[in-house]
Amino acid sequence: MRWWMGLWIGLANAAGGMDQWPEFRGPTGDGHARVSGLPVHWSEATNIVWKTPLPGRAWSSPVVWGEQVWLTTATEDGRELSALCVDLSSGRLVHEVKVFSVAEPQPIHKTNTYASPTPAIEAGRVYLSWGSAGLACLDTATAEVLWVRRDLECNHFRGAGSSPILYEHLLILPYDGYDYQYVVALDKATGETVWKVDRPHNFGTENGDTKKAYATAQVIDVAGRKQLIVPTSKGAFAYDPLSGAELWRVRYNGFSTAARPLFAEGLVFISTGFSKSELVAVDPTGTGDVTDTHIRWIETKAMPSKPSPLYVDGRLYTIEDKGVATCLEAKTGAKVWQDRVGGNYSASPLSAEGCIYFLSEEGKVTVIAAGPEFQVLAENQLDDGIVASPAVAGRSLLIRTTTHLYRIEDRSRAER
């Protein structure tokens, strides 16, 4: 009877998507792992199921479908761009496929890599972007390249960072660079362009940093109408995801916007980027330029430029790039608490079962309790730094450090 219960639980988990983490920040794009039993405590000596060295230098986050974990990588000079597939059970590197060669890579910032965008995955196919250097669709069973696009022009200036998302029959990806700023939707079956929309904006300067952005789009539902929210430098835009028609826009002063937007309590939360990030709460029911009419509140103190915000039970949680954690009431922006975690942060936080995970560039993962008081539950140290955001598969955390991919699981729960 025990074997049957185990089989039933396994099938139920698969049906519920417990082993699916299909894009940047997970199934709903907001950093929520709707599972129980994720590990809270670990070290290099405890609760490590496997630790797999990864070739190249890359900040892309892992995505998961069934028994496969997919990532991108690149040589440090950006001349070879590859897809990686790791077996979830064993940690074995199953596929390492060089997808593109680049004769003259664009310069990047020292804090970026040539493989920073996170893939998107679904049954049978994985979609991998290296920005304007190339976009490809691979068969997940054979690792065969099914289609590629190398004609989507953009001078990223400091390197690419925006990740593709899937919506219905479309693959949607922003290209925000020094020269071009646009959003494109492709037929995910063929790679052909379905719509492309330029992002008009008067930047008021020729400074390349104020024109580029790294943000990933998010599709939300507002009173039964789908909206595609895509932040960029100096503003954010909402589009009809099927046509690209603009619905509304909001202006702000931040640039090089990187965080993925968040939708909760009827508001869209946007981290504006550098040089001093603000968190802006926008009512998405307006049309046209809503800057003067639909911004509900703005928080300016210790807000993140790179890590995306997190929503849990009426509150927003953020981790600022220099390690200040903040909790705000989502509806009003009222500050609940603010405390220093320490370290430097690029990865977006994760929430699961009342816990929030902050992952630092020094390799420390601080786990706090979601709630009205700042409470540290655990501090866990890995050997190398973390820039990629985590993924979840069942009761396991998948964490990419600067050198390895880890599968971390509470062994005491696994043995029960």
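This is a predicted model: local features need pLDDT of at least 70, side-chain atom pairs count only at pLDDT 80 or more; totals for chains, interfaces and linings use all residues.
Local features are reported at pLDDT of at least 70 and side-chain atom pairs at pLDDT 80 or more, while totals for chains, interfaces and linings use all residues. Residues are numbered from 1 along each chain as its sequence is written, and side-chain values use heavy atoms, with hydrogens and water left out.

The protein has two helices and 34 strands. Both are DSSP runs numbered from the N terminus (helices: H or I, at least four residues; strands: E, at least two). The radius of gyration is 20 Å, close to the 22 Å given by the globule rule for 416 residues, so the protein is as compact as a globular protein of that length. This radius is taken over C-alpha atoms, and the rule is 2.2 Å times the number of residues to the power 0.38. The C-alpha trace spans about 65 × 50 × 40 Å along its principal axes.

Of the 416 residues, 60% count as buried. Buried means under 20% relative accessible area, exposed over 50%, and partly exposed in between (1.4 Å probe, protein chains only).

T113 lies in the loop between β6 (93-101) and β7 (120-122). T113 is buried, with a relative accessible area of 2%. Its side chain makes a polar contact with the side chain of S116 at 2.8 Å. A polar contact is a pair of N or O atoms within 3.5 Å; within protein, one must be able to donate a hydrogen and the other to accept it, and residues adjacent in sequence count only if both atoms are side-chain atoms. A polar atom of the T113 side chain also lies 3.4 Å from the backbone nitrogen of W59. Leaving aside neighbours within four places in sequence, T113 is in contact with R57, A58, W59 and I108.

Backbone geometry was examined next. Phi of R25 is near 75°, a positive value in a residue other than glycine. R25 sits in the loop between β1 (20-21) and β2 (48-53). R25 is buried, at 3% relative accessible area. A223 also has a positive phi, near 55°. A223 is found in the loop between β15 (218-222) and β16 (225-232). A223 is exposed, with a relative accessible area of 86%. The peptide bond from F274 to S275 is cis, with omega near 0°. S275 belongs to the loop between β20 (267-271) and β21 (279-282).

Note on methods. Contact means heavy atoms within 4.5 Å.
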